[in-house]
Amino acid sequence: MSRAQISALVFGVGGFGALVAATASNEWKVTTRASSVITATWVYQGLWMNCAGYIQACRGLMIAAVSLGFFASIFALFGMKCTKVGGSDKTKAKIACLAGIVFILSGLCSMTGCSLYANKITTEFFDPLYVEQKYELGAALFIGWAGASLCIIGGVIFCFSISDNNKTPRMGYAYNGAASAMPSRTKYHGAEGDFKTTNPSKQFDKNAYV
């Protein structure tokens, strides 16, 4: 099961890195301004260049996603079975489940923030009454969506790893019980055999003496 947890950690940490890159990027929306027939200027905007209401909401969601992804990565390191920190296997399973839930929440926050921002851009772009500068979707939105997907996938794998951790001790206990019962029976039958073999010899000695 450690392989699945390692894969979950790779997905989660990779998604967390993508969320950090998307939050810090200035390419949330792009547009071109043609200065002449030949040349054109690309204009980029991110979360830190404007203080509109929806941008502040998206900014808060992305900050929350990055914060949750950071704590989820720390919890995942303590909850993995291949590490020596975190306590017993039962405690590690609980920590791994917590890491999975936090990863999923991080992905949902990022998905909501990117989708809200993209919805605003597309609404303004296709609105015929909107006379200001129109923008298109930037690369940071796709990076944020990819990071959110990776975080959700890693979180789901961490959550499902608990069921296998709970099944493993039960199988080992049943096997050890069956193994421990066999030697006791063997010893009992062996003792019985020794008792039967010794009795005739004692009777024979008494008859010989008489």
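Biologist: Let's start with burial: what share of the 210 residues in the chain is buried?

Modeller: Buried residues come to 30% of them. Keep in mind that this is a predicted model. As for the surface, the chain exposes about 13000 Å² of accessible area, and carbon and sulfur atoms hold 67% of that.

Biologist: And the fold itself? How many helices and strands does the chain have?

Modeller: There are four helices and three strands. Reading from the N terminus, you go α-β-β-α-α-β-α.

Biologist: What do the contacts tell me about sequence separation?

Modeller: Take the contacts in the chain with a separation of 6 or more: 71% of them join residues 24 or more positions apart.

Biologist: Now the helix packing. How do I read H1 against H2?

Modeller: Two packed helices are described by the angle between their axes and by the distance between those axes. Here, helix H1 (residues 2-24) and helix H2 (residues 53-79) have axes that come within 9 Å and cross at roughly 155 degrees. Angles over 145 degrees count as roughly antiparallel, so H1 is roughly antiparallel to H2.

Biologist: Is that crossing left-handed or right-handed?

Modeller: Left-handed, for H1 and H2.

Biologist: Which residues meet there?

Modeller: From H1, the set includes Leu 9, Val 13, Phe 16 and Val 20. On the H2 side you'll find, among them, Met 62, Val 66, Gly 69, Phe 70 and Leu 77. Sorted by class, the H1 contact with H2 has twelve nonpolar residues, five polar ones and no charged ones.

Definitions and conventions. Residues numbered from 1 in each chain as written. Predicted model: local features only at pLDDT ≥ 70, side-chain atom pairs only at ≥ 80, totals over all residues. Heavy atoms only, no water. Helix = DSSP H or I, 4+ residues; strand = E, 2+ residues; numbered from the N terminus. Buried < 20%, exposed > 50% of the residue type's maximum accessible area, 1.4 Å probe, protein only. Contact = heavy atoms within 4.5 Å. Areas by Shrake-Rupley, 256 points an atom, 1.4 Å probe, with all protein chains shown as cover. Axes fitted to C-alpha atoms, helices over the stretch in contact; angles between N-to-C directions. Parallel < 35°, antiparallel > 145°, perpendicular 65-115°, else oblique. Left-handed = near helix turned anticlockwise from the far one by under 90°. Nonpolar A, V, L, I, M, F, W, Y, C, P; charged D, E, K, R; others polar.
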